[in-house]
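Here is a short tour to read with the model open beside you.

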Amino acid sequence: MYPENAKYTRDHEWIRADGDTYVVGITAFAAEQLGDVTYVELPSVGKTVEQGAATAAVESVKAASDVYAPVGGRVCAVNTALDSAPELVNQSPHEEGWFFKLENVDAAQLDGLMDAKAYEAFASASH
Amino acid sequence: MQRTPLYDEHLALGGKVVDFHGWALPVQFAGIVQEHTHTRTQASLFDCSHMGEFVVKGVDAIRAYAGLITSDLDALRVGRARYGLMLNDKGGIIDDIVTIRLADDELYVVTNAGPLEAVSGRICGAHAGCRDVSASTAKIDIQGPIARDILVRELPEAAELKYFEARRTHWQGSEIVLSRTGYTGEMGFELFVPADIAVDVWRRLLSHEGVAPAGLGARDTLRTEMGYSLSGQDFDESRTPLEASLDTFIAWNTEFVGKQALEAQKNAGGYDRLTAIRTGDRRSPRHEFEVQDGDARVGVVTSGTFGPSVGCGIGLAYLKPAYAVAGRTLTAGPKGLSIETAELPFYRQGTCRK
């Protein structure tokens with residue numbers, strides 16, 4: 001169910017390599033739990049973040065949540081399509097609904113994240 | 001958790017069931033925004049069977065009940081419904097209540113699920129002619145611009161009811177109460193039916209084209225767009241009707257529990273007021289966000305959500321009197337969300353009075 005080419009956090013973010021950078025979003029499980037996403041607050045390009053730092057925020061009709069950086073790095077792009085179409089997070093959480101891209105990441109930190117199979121088990125236990 | 005007679009129907013329709021005041025109720029089916037929009041454009045069915053209902057029978061019982069609520073029941077004609085409040089002796093709001101006059105000597109009373117035990121104790125304790133029928137009654141609401149067109153196919157007399165009118169009638173031989181009331185701002189009806197026919201009523205109404213089920217989530221966004229305050233969230237026993245901006249539902253010419261305290265508060269003035277707030281973008285204020293004017297705390301948000309039909313964040317907040325007027329720019333919440341005080345309702349195109 002979850003893409004094999006990504007790694008996953010316990011806060012329900014995904015991260016995958018995209019050329020020299022890493023792209024980050026929230027999982028289908030998180031999007032489903034949030035319900036209809038109505039607003040996404042994106043970070044500034046150029047901002048340097050530590051692993052686990054609140055880097056973006058997502059609001060649904062029901063609630064607001066922070067989105068944390070799965071690994072440390074420098075924000076090099078954000079998905080501005082979410083400004084006018086935050087529903088992309090529900091419609092395509094692992095593709096078009098991505099949040100931001102990181103460069104200069106500490107790749108060793110990726111090793112501590114879950115693979116797709118482990119995340120699937122984690123998410124189903126979170127129900 | 002307690003289940004309504006429609007619990008299995010909700011599961012079969014894919015409803016996401018949550019705990020609401022101890023009741024297993026669907027928060028959504030297709031999605032809150034979709035259900036909200038469907039209600040504003042077609043018609044939605046809501047299961048409100050968790051709410052409380054009472055029959056007040058006889059002149060003496062009506063007189064005893066009238067002393068418990070802020071409404072002027074002498075002015076309530078047969079076939080009409082009226083919104084009012086039950087207060088404690090300090091003027092705090094125990095619950096908001098809709099009273100229907102079914103006959104000269106009979107009332108039908110609708111209350112919320114949260115404070116039901118306290119409300120039931122007061123009503124049933126007032127007189128032997130007051131009876132709690134909540135357990136045997138299911139409540140199904142059809143709300144939306146086409147609600148009347150749909151309902152008349154099952155109950156032709158629905159066509160005769162004007163806004164806030166109600167009557168006793170029959171569904172396939174079973175006695176029911178039908179009222180043209182609601183909380184969405186749209187043309188709508190509430191059907192109070194015996195629990196054993198709830199599934200039949202639900203399925204028949206749902207079988208019509210243009211009718212879809214909706215959950216608690218859409219109920220909340222719809223009522224917030226109308227600025228209707230929610231029992232237990234926007235007010236409770238710690239707030240009076242004056243603070244909750246419900247002054248218009250106080251019949252000062254009648255006697256009721258809590259009146260003395262209200263009069264004292266009104267004369268003293270200076271109390272907080274529940275006030276409409278909105279954001280300038282898609283971000284939402286949230287329940288318990290503190291409201292600030294610069295560094296000064298001036299209030300607290302009690303309801304906040306994204307308003308799908310108005311396209312921005314909306315809510316209700318208790319604000320100090322100087323701020324309880326439209327057009328004040330303030331901030332709310334830990335991130336200093338910019339908000340503006342506003343007029344109600346947020347949504348003005350509703351069809352409820354058509």
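## Charges over rings

Arg40(B) lies over the face of Tyr347(B), 4.1 Å from the ring centre. A charge sits over a ring if NZ of Lys or CZ of Arg is within 6 Å of the ring centre and within 35 degrees of the ring normal. In chain A, Lys101(A) lies over the face of Trp98(A), at 5.0 Å from the ring centre.

A word on the basis: this is a predicted model, in which local features need pLDDT of at least 70 and side-chain atom pairs count only at pLDDT 80 or more, while totals for chains, interfaces and linings use all residues. Residues are numbered from 1 along each chain as its sequence is written, chains are lettered from A and ligands numbered from 1 in the order in which they are written, and side-chain values use heavy atoms, with hydrogens and water left out.

## Aromatic pairs

How many aromatic pairs does the structure hold over all chains? There are eight. Rings of Phe, Tyr and Trp (its six-membered ring) pair if their centres lie within 6.5 Å; planes under 30 degrees apart count as stacked, over 60 as edge-to-face and the rest as tilted.

One of them joins Tyr119(A) and Phe122(A), a tilted pair with 6.2 Å centre to centre and 45° between the planes. These two residues are separated by about one helical turn because they stand three residues apart in helix α4 (residues 116-125) of chain A. Helices (H or I, at least four residues) and strands (E, at least two) are DSSP runs, numbered from the N terminus. Tyr119(A) and Phe122(A) are both buried; buried means under 20% relative accessible area, exposed over 50%, and partly exposed in between (1.4 Å probe, protein chains only).

In chain B, the rings of Tyr83(B) and Phe249(B) have centres 4.5 Å apart and planes at 65°, so this pair is edge-to-face. The pair links distant parts of the chain, 166 residues apart: Tyr83(B) is in strand β6 (residues 81-87), and Phe249(B) is in the loop between α7 (216-226) and α8 (259-268). Phe249(B) is partly exposed, with a relative accessible area of 30%.

## A cluster and a histidine

Back in chain A, ring pairs link Tyr2(A), Tyr8(A), Tyr119(A) and Phe122(A) into a cluster. His94(A) touches residues including Tyr2(A) and Tyr8(A), as well as Trp14(A) and Arg16(A); contact means heavy atoms within 4.5 Å. Is His94(A) buried or exposed? At 10% relative accessibility, His94(A) counts as buried. His94(A) is placed in the loop between α3 (88-91) and β9 (100-103), and its side chain reaches the backbone nitrogen of Ala28(A) at 3.0 Å.

Chain A has four helices and nine strands, and chain B has eight helices and 20 strands.

| Chain | Span along principal axes | Residues counted as buried |
|---|---|---|
| Chain A | roughly 35 × 30 × 20 Å | 50% of 127 residues |
| Chain B | about 65 × 45 × 40 Å | 58% of 354 residues |

Among contacts between residues at least 6 apart in sequence, 64% in chain A join residues at least 24 apart; for chain B the share is 65%.

How values were computed. Polar contact = N/O pair within 3.5 Å; in protein donor to acceptor, adjacent residues only side chain to side chain. Lists of a residue's contacts leave out its neighbours within four places in sequence.
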